There are 6 protein chains.
Amino acid sequence: MRILLINPNISVSVSNLIRAEAQRAASPGTQIEVVTAPLGVAYIETRFESIIGAYAAATLAAEHEAQHDALIIAAFGDPGIRGIREAVNVPVVGLTEAALMSACLLGSRFSIIAISRRITAWYRECVQANGLIDRLASIRCLDQPLRDIGAVQADHETRLRALCQQAVEEDGADVIVLAGAPLAGMARTIREHIPVPLVDGVSSAVRHAETLAALAPGRARAGSYAPPPAKAHQGLPPALQALLERGPIH
Amino acid sequence: MRILLINPNISVSVSNLIRAEAQRAASPGTQIEVVTAPLGVAYIETRFESIIGAYAAATLAAEHEAQHDALIIAAFGDPGIRGIREAVNVPVVGLTEAALMSACLLGSRFSIIAISRRITAWYRECVQANGLIDRLASIRCLDQPLRDIGAVQADHETRLRALCQQAVEEDGADVIVLAGAPLAGMARTIREHIPVPLVDGVSSAVRHAETLAALAPGRARAGSYAPPPAKAHQGLPPALQALLERGPIH
Amino acid sequence: MRILLINPNISVSVSNLIRAEAQRAASPGTQIEVVTAPLGVAYIETRFESIIGAYAAATLAAEHEAQHDALIIAAFGDPGIRGIREAVNVPVVGLTEAALMSACLLGSRFSIIAISRRITAWYRECVQANGLIDRLASIRCLDQPLRDIGAVQADHETRLRALCQQAVEEDGADVIVLAGAPLAGMARTIREHIPVPLVDGVSSAVRHAETLAALAPGRARAGSYAPPPAKAHQGLPPALQALLERGPIH
Amino acid sequence: MRILLINPNISVSVSNLIRAEAQRAASPGTQIEVVTAPLGVAYIETRFESIIGAYAAATLAAEHEAQHDALIIAAFGDPGIRGIREAVNVPVVGLTEAALMSACLLGSRFSIIAISRRITAWYRECVQANGLIDRLASIRCLDQPLRDIGAVQADHETRLRALCQQAVEEDGADVIVLAGAPLAGMARTIREHIPVPLVDGVSSAVRHAETLAALAPGRARAGSYAPPPAKAHQGLPPALQALLERGPIH
Amino acid sequence: MRILLINPNISVSVSNLIRAEAQRAASPGTQIEVVTAPLGVAYIETRFESIIGAYAAATLAAEHEAQHDALIIAAFGDPGIRGIREAVNVPVVGLTEAALMSACLLGSRFSIIAISRRITAWYRECVQANGLIDRLASIRCLDQPLRDIGAVQADHETRLRALCQQAVEEDGADVIVLAGAPLAGMARTIREHIPVPLVDGVSSAVRHAETLAALAPGRARAGSYAPPPAKAHQGLPPALQALLERGPIH
Amino acid sequence: MRILLINPNISVSVSNLIRAEAQRAASPGTQIEVVTAPLGVAYIETRFESIIGAYAAATLAAEHEAQHDALIIAAFGDPGIRGIREAVNVPVVGLTEAALMSACLLGSRFSIIAISRRITAWYRECVQANGLIDRLASIRCLDQPLRDIGAVQADHETRLRALCQQAVEEDGADVIVLAGAPLAGMARTIREHIPVPLVDGVSSAVRHAETLAALAPGRARAGSYAPPPAKAHQGLPPALQALLERGPIH
């Protein structure tokens, strides 16, 4: 099985974190690849940046879908996930969706630990868009400038562990989601210090993508996730053009 | 006052409908301009196409914000609205937001009349994202191929009027929203035949944009709609680059 | 265009604040009038007092509707708004509805700043009745006796500004609504000190009323906002009698 | 124990229905009285009429509270209930609240049977204001002119029974609420023909009022149901004046 | 009238508290009986223990229903309530349902005071299952080991009173529910010290059970609370067997 | 990896269906076992029967947890899932939870296809308890007596396929969940005939259980899913006793 993780941002250091955790999480026989967006920002922490990330992710998904059994949008917040799911022929999983689904299988209410204050508004709206706001115990966050987006784990471990602890003790979290690709893999490192299950988006996404590819529930040919009807267009990259011209599946 | 309507799609015929209704709705002294996306699709009816429309709208907003007092994202569904609102320094209004706010001032529950079945899923999610799903009485839609996106009003007037009537009689709608830029201006035409208030997105957006520009409630310098923090980037159009480098307002 | 603001309370000093802000906010050519309730209380801060305010507002609306293009119920909490909207033939806007709609066009979540602790329960129920509770970040309030209802702005400016700041920093408000007619116009005064958009009910209501009057979306002749069916009655003021006898519009 | 039912409308024939069912439902030793509003309408079916009904009910409650152990607002929709509850010193129960609470003790989801189409929008908003909209299976209604508000039961029994049956079979109702004082007592008559529990507002209200009076949970002296703070007023009936001057309880 | 309170736990000391308060609350002529579960735990504070309690309660209900006019599941959290309601032929009331319904008749928002931190998650889910989460102001709890489950009231009165006070002052509670059979009767003791109505589950349940038995709204013969269809089974206690074999009512 | 599926009902024919689909779905190296409840009913379609099923499932989970890496409660509706999750030391997955999580990764809104009308009320409450009611498009069901619970698939295939089609065309389902262990494996059979992804509870549960066991997110030692505090008990099966005496994990 071949799974592609799409980093919709330009940070190669984050792609390396993603790849490492994806490989640790993958089942035997699963082949992991990671692509990094050629255009975009270092990491997404605003709704504005997510517009760019969604466009980059959609373009990469269009270019690469044919060679993979499943795609993963490897940024928390899942930029473009629903649109990409409509357009490509393989299962698509996002880090947020995947982490929330894992969390829901482990407890009633979850907290999210985020890497900046600014990013929390977008995350909250993502949880709402997933229809799970009633299970959100809290979002807690780092509140300092990030020296190096690839080194957040090492720079802030103590504070991140304290945030987890507060979520359990003060907010009633049954499960903690460590949010954001820059924290990929950290759950493994600090798990023993946290008294509730700790969920990582990358590893959850890899396993859920394997599950969807293995169960093969079928591609939507009707309803709101069927391929977009063929439509006039102009000025778009060739891969997006191809998807816009593909039309219905019979 | 100068207001720019951004058609995030490539259809010049729809831009013409938008311009005509915007000029009819504008107050004396308001100057209306419309730009049409140089890249994208004929019209948005899927989440996938809205990714492209959001990117196109953000780029156009970045290019033009300095010359206008307010911007309007002139496609129902408001592609990119929240992100663009963060990034630009003038008020930004979307057709959906504007129509829903008008509707909420006219009754308790509203129905939306849409131009295709496929588009209704995206509209429903837009209403949810606005937190107003409990006031949605129904979404009703045309269910035939559209011969010409610029001629929907003429081609389907009888059916559109029937859908309005059903929403009132069967779904409990207090107000009807005619959704989609291709229906811009139609509310004026058919209003006398419909027994409840009829809301048009373009005219609502123009008036609400005037209101926000006139009341000048202030630009967010803190919170989740402050300008995005300056951030490393690559490969983006110059106008987007400029927004990403602008950083905080003091 | 003639717009009437109905103060459903007996405080002439508050009517003066309302009139001043309404005139500042109105478009050129709009004529502003304010009436003060001949019966009722100094200001409404309980559900009980809102019963009286709603009755007073309905009576004044019935008396004056024929001479105006739109009515405004000029007390936060909008006593009687839905019922009055059914009965009169011109658009009716309330301070709360108007402020919430403005706030929704400026950000995702809003906080309300109120003039007493007691009043906050009623405000919360108004936000719920508008279906917008999921967008309410917080209600913060003054918590001291009010020396003079017409002088709250001057007496409590420092504290009110501090409450705004807390709503942004601690509650995640994207927008602040200064609630209550006694704060009419204060947004203009303190705006530069507050880092997010600041919304005023009176000015929002005036502009939205102008918009509804200008767009002329149509009066409900069917559905739940059609005129009440003619019905037997007794003991009511002549203006209310007239509305109860009017019956359906054809 | 003395319980007063306040008919906020002017229909003596409906007051007679209310009294008869209240007496059938009351425990031994409970004394039932009914007052009919001296001003108002024949029955409430719009939000506008409920403004009048609330004012009439508040005035009657103020006049009579001292002589009774509990008050009942005897119109479905409970006009003024929350405000009256703040102001008087005895428990206050409304027909809607009482019926919904009974229904919630008998099943998961309930349907409401109403006497006119127009009235259903107001009922729906009442269920929402009670926070119970997720348990509402449906509202079904008569849809013909009512010859005589005191004779609805006799005139429409067949149709009302059919509506109950449809609510069970098509809407998933576990319980049926027969709504509106004009249907007072009808549950007893048709119960054997309906395959789910049938709830009547008047009898529920009488029993719940007895319960609250017997359990004596205490009158709010703090929070949002404490007596309204004493406040300047003018032009009001003496009984309302007295409540507005009473001020806090210590 | 004969009412049976089923303590689904094994604590005789708690059964004694339950009996005492039930007798104080009952109307003249009502005969109160209490049974204690022969199998189970001392008291339920986890979802796991509630599985056991539900099974014990169902078995006892099956054994005793024929001799009573109404049953009460006398543990807060109402283990098994909905299932038991389907299966037996008399009304069934739970302490949580009963207390919440009383609270809803006394104010808009309620707080729950609980005897341990662990128990609060289960209580929160019960409020949600009742559809009333939007009216929950807070759950506050004791946070110390309980020396003797039958002596919680005496051991912790000061702290419990302080929790009530905090719920009113900090959380906006209009009403307080003292939760858990171990607190049965305490509302009477401390009521005068608490400035809002105080609700007790046992007394509420007794009165509401009397009401349902007296109003006789009818037993469900259709819908989701009709008796379970007869079904193959094995290995169950005789009383459960009998219910499973009973089948539909005609 | 060893995974145990617990059939909380007594039907061996259903256990066989479960086992067959579980083995088809399992990854290489996963060992599947199935136990059938020694006490209970043929299948659960009411809340009452789910009380029995939850007790049976809890007892079996207690007996077998030590020998397995994950447990599956193999009845739709997940009787006892939350309580069992608290008490045992390995991950626990239910068919409903698992199917809903799969569905949420495949589309925005899902429909559930059920084997009887009676069962749908319980399923609806399960979706609500999972916080996902806003994503439920519909529940559709067979409405005929079931000749043989182990032969539902063969007996009703045509009707089940028609229900799926209606859910897509009339209810807006993006994904279909075939609900109930008696339908285990049917998704594979009919998938090609249904135009949207088709989700099966057993296969989803097996794969999600593997994922949780592989990712090892940690067992709750704090919060509401920590092991129940040790507690006095009597009359329980030895395995339940052992869990009740185990107490906290350090």
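Colleague: Into which domains is chain A divided?

Modeller: Chain A has domain 1 (2-94 + 205-246) and domain 2 (97-201); the bounds come from an automatic or database domain assignment. Bear in mind that this is a predicted model, where local features need pLDDT of at least 70, side-chain atom pairs count only at pLDDT 80 or more, and totals for chains, interfaces and linings use all residues. Residues are numbered from 1 along each chain as its sequence is written, while chains are lettered from A and ligands numbered from 1 in the order in which they are written.

Colleague: How many Å apart are the C-alpha centres of the two domains of chain A?

Modeller: They lie 22 Å apart. In chain A, 25 residues of domain 1 are in contact with 19 residues of domain 2. Two residues are in contact if their C-beta atoms, placed from the backbone, lie within 7 Å.

Colleague: Which elements give two or more residues to the domain 1 side?

Modeller: On the side of domain 1 of chain A that touches domain 2, they are helix H1 (12-25), helix H2 (47-64), strand E5 (92-94) and helix H8 (201-215) of chain A. Helices (H or I, at least four residues) and strands (E, at least two) are DSSP runs, numbered from the N terminus. H1(A) gives the most to that side, with seven residues. By residue type, that side of domain 1 of chain A has 12 nonpolar, eight polar and five charged. Ala, Val, Leu, Ile, Met, Phe, Trp, Tyr, Cys and Pro count as nonpolar, Asp, Glu, Lys and Arg as charged, and the others, Gly among them, as polar.

Colleague: Switching to sheets. What is the strand order in the open sheet of four strands in chain A?

Modeller: The order is E2-E1-E4-E5 (chain A), with parallel pairing. Two strands pair if DSSP finds at least two bridges between them. Strand E2 (31-36) and E5 of chain A are the edge strands, each pairing on one side only. From one strand to the next, the twist averages 25°.

Colleague: And how many bridges between E1 and E2 of chain A?

Modeller: Six bridges, in the parallel sense, between strand E1 (residues 2-7) of chain A and E2(A). Arg2(A), for one, has Gln31(A) in E2(A) as its bridge partner. H2(A) packs on the sheet, where it touches E1, E2 and strand E4 (70-73) of chain A, and its direction makes about 155° with that of E1(A). Axes are lines fitted to C-alpha atoms, for helices over the stretch in contact, and angles run from 0 to 180 degrees between N-to-C directions.

Colleague: What rotation superposes chain F on chain A?

Modeller: A rotation of 180° with 0.0 Å of shift along its axis, at RMSD 0.0 Å. The two copies are thus related as by a two-fold rotation axis. Met101(F) has the C-alpha nearest the axis in chain F, 2.8 Å from it. The superposition is by least squares on the C-alpha atoms of residues with pLDDT of at least 70 in both copies.

Colleague: What about chains A and D? How far apart are their closest C-alpha atoms?

Modeller: They lie 14 Å apart, and no contact joins chain A and chain D.
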